[in-house]
Amino acid sequence: LAFYEPLLVDGSPRAKPPPEVAAHGAKEWEYSVVGFLIGKRLPGRNVKEVLERKWGQAGHFSFHVVENGVFLAKFESLQARDWVLNNGPWDVWGYHLVLRAWTSDMSLSLGECKSIPVWVKLKGIPVQYWNKVGLSYIASVLGKPLHMDANTTNRRVLTFSRVCIEMAATSSFPENITLEMEDGHTTSIGVEYPWRPAACSLCKVFDHSNRTCHRAVRREWMPRPILMAQKKPDDAEGWITVKRKSHGENSLPPRPSGVEFAGREVGVSKLPETPVKQPPATTVRDTSPTGSVEEANHVEDVEACNRPSSEGRVLLKGSSSGHKKRKKKGGPKRWWAGLNDPSKHNEVRHFVSSNNISLLGILESKVKAHNLDNVVRRINKDWMYTSNHGVSLSGRILIVWNPSILCFVPSLVNEQAVHGHVLLANNQRVNISFVYGLCDREARHAMWSDLIHCADLFRRDPWVVLGDFNVTRFVAEHSASSTVSKAMCDFNKAIQSAELEDLRSTGFLHTWSNMRVGAGAITKKLDLALGNWQWFNLLGDSFAHFLPPGISDHSPVTIQLRDMKHSNGRPFKFLNFWTKNDMFLRVVRQEWDRKYIGSPLVVVHKKLKSLK
């Protein structure tokens, strides 16, 4: 460092670097993005590890912690930075990461984050407005439009557009936009938010929600005798207003601990020196016209917990002095849901090793976002993973892979599917989609549209779709029904529109059962493996194998990738019935009379080849 003489302004020293100092510093950070982690404060090293796995393919970047929940990532090129911005949204352990291109006048405080970029789906846009200017006018109703994704820019599929919009914390996040057409008529544009941030309408920031805001005013239920003692003229009937963390006139005075608000204890205050004996609970009556039996019961409970014991002390409700808990022999038993069960990790490891799996999709794992690292590490500590926790709170799809063999790069992620691609050893790009369909009709229609959209994106490369669609295709795939439902018809139409076909398969025909025996047993084929034309053209010898159910009620499916073996041609066969055709001798004579240059043997060879 060096010393520079400060500038004196009204006798007070002030630092005033020359403009070239700021310009040089801004030049160093021009390819940087600022990340705001919404909803959770995570350690910087954990955020860095996750982002290195997700952004490593774009290029090298340095990671810097600004404050708790705010990070800077400095890239080496403009292309790498734009790739990260255009391929969002991104999440860290299921918590949304808001990204902005860094500018010198940007505030790096999460508490001042009054607007954030949000990816939005716009549905039902008329074709004449499907351009940069038209989409900008429509998206401006929600906020400040920033950019579109590649699919919207190319206009390959006009089902919906994905636009990144900077939305304010005061926004109501409307579900539709009214568009006035050139002829004066109006139409409604549907708006879908894959992720909707929690905002505080009081502070007008995204740092916290109204529920956790210190300025929020809350209302709590209280027993009627206590309410009547603390009631003020401006309070509603049966309620009292309480300000959190306040000592003003609306705050409650200290009360004995053990008194319940809405069935739970709130705070602990000092006990009175001399316990006051309350009247018997049976004599307490609510004489108000709005009284109820439920309120009287609450009063009885409160009074019972304030009665002095035989030892001259107040018994607190729920304390060990009032009730003795009996311990069950053998200790408490804990039930683990889904892949959280440690015993299932061994079965998954055995399945991976016995089938030589390099890429694994796990559906309905029921693993929370914060526990993903632990679960994947127990399966294989060297494997990498991704999930759809960013768009689904339950994280319905988990994908893990062996980075020493391949790398799975997600491209489109939603609640029902994760679409991505891998590069094989021969540099062949293969698109893979893991699907876990919902059961309601609207969600199914959204998934069919998504498949048709991806079919156009992945048309040039092999594409395979596998997973649980929660609907059968044909009557033979259901053991207890012979009815062709509307969902089955829609499913088959979507598969035809996406130009997909079932892969050649072995193993179990019905992949799901209700785990019953006898007359109540039901089996279905809900799990499928589908491929496009390029898949059958380049990897047509690959097949899907449906194994017996293990830790799930569904049959796992494996696909062994194999290159298509191209034959060198079949030997020519002369069929005797050709001689019975009237054209036979004329065709032979016509080809045999042609003139060829070369030795007699070469001429005969060329004539035979031409005749064949």
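Modeller: A residue is called buried when its relative accessible area is under 20%, exposed when the area is over 50%, and partly exposed in between, with a 1.4 Å probe and protein chains only. The model shown here is predicted, so local features need pLDDT of at least 70, side-chain atom pairs count only at pLDDT 80 or more, and totals for chains, interfaces and linings use all residues. Numbering starts from 1 along each chain as its sequence is written, and side-chain values use heavy atoms, leaving out hydrogens and water.

Colleague: Is serine 172 buried or exposed?

Modeller: Serine 172 has a relative accessible area of 63%, so it is exposed. Serine 172 sits in the loop between β10 and β11. Its C-alpha atom is 9.0 Å from that of leucine 142, although the two residues are 30 apart along the chain.

Colleague: What share of the chain's residues count as buried?

Modeller: The share is 38% of the 612 residues. Contacts give another view of the whole chain; a contact means heavy atoms within 4.5 Å. Among contacts with a separation of 6 or more, 60% join residues 24 or more positions apart.

Colleague: How do I read a phi value?

Modeller: Most residues other than glycine have a negative phi. Phenylalanine 173 has a positive phi, near 50 degrees, and is not a glycine. It is in the loop between β10 (160-168) and β11 (176-180).

Colleague: Is phenylalanine 173 buried or exposed?

Modeller: Phenylalanine 173 is buried, because its relative accessible area is 6%. Serine 172, in that loop, is exposed at 63%.

Colleague: Which phi does lysine 366 have?

Modeller: Lysine 366 has a positive phi of about 60 degrees, and it is not a glycine either. Its place is the loop between β17 (359-363) and α9 (372-379). With a relative accessibility of 43%, lysine 366 counts as partly exposed.

Colleague: How do I tell that two strands pair?

Modeller: Two strands pair if DSSP finds at least two bridges between them. β4 (residues 61-67) and β5 run antiparallel and are joined by six bridges. One of the bridge partners to look for is phenylalanine 75 in β5, which is paired with phenylalanine 61. β4 and β5 form a hairpin with two residues between them, and glycine 69 in the turn has a positive phi of about 100 degrees.

Colleague: How many bridges join β11 to β12?

Modeller: Five, and β11 and β12 run antiparallel. Leucine 179 has threonine 187 of β12 as its bridge partner. The hairpin of β11 and β12 has five residues between the strands, and glycine 184 there takes a positive phi near 95 degrees. β12 (residues 186-192) is also joined to β8 (residues 115-123), by three bridges, and that pair runs antiparallel. There, lysine 123 has glycine 190 of β12 as its bridge partner.

Colleague: What is a cavity?

Modeller: On a 1 Å grid over the protein atoms alone, it is a set of points where a 1.4 Å probe fits but cannot get out, and lining residues have an atom within 4 Å of a point.

Colleague: Which residues line the second largest cavity?

Modeller: Its lining is made up of Val33, Val34, Gly35, Leu51, Trp55, Phe63, Phe71, Leu72, Ala73, Leu97 and Leu99. At least two lining residues come from each of β3 (32-37), α2 (44-55), β5 (70-75) and β7 (95-101). By class, the lining has ten nonpolar residues, one polar and no charged. Here Ala, Val, Leu, Ile, Met, Phe, Trp, Tyr, Cys and Pro are nonpolar, Asp, Glu, Lys and Arg charged, and the others, Gly among them, polar.

Colleague: Is glutamate 591 buried or exposed?

Modeller: Glutamate 591 is buried, because its relative accessible area is 13%. This residue belongs to helix α13 (residues 584-592). Apart from neighbours within four places in sequence, glutamate 591 contacts Tyr596, Lys607, Ser610 and Leu611.

Colleague: Where is asparagine 470?

Modeller: Asparagine 470 is in the loop between β23 (463-468) and α11 (486-497). It counts as buried because its relative accessibility is 19%. Leaving aside neighbours within four places in sequence, asparagine 470 contacts Tyr436, Gly437, Leu438, Cys439, Arg444 and Leu526.

Terms used
On a 1 Å grid over the protein atoms alone, a cavity is a set of points where a 1.4 Å probe fits but cannot get out, and a pocket is an open set with protein on both sides within 12 Å along at least five of seven lines; lining residues have an atom within 4 Å of a point. Helices (H or I, at least four residues) and strands (E, at least two) are DSSP runs, numbered from the N terminus.
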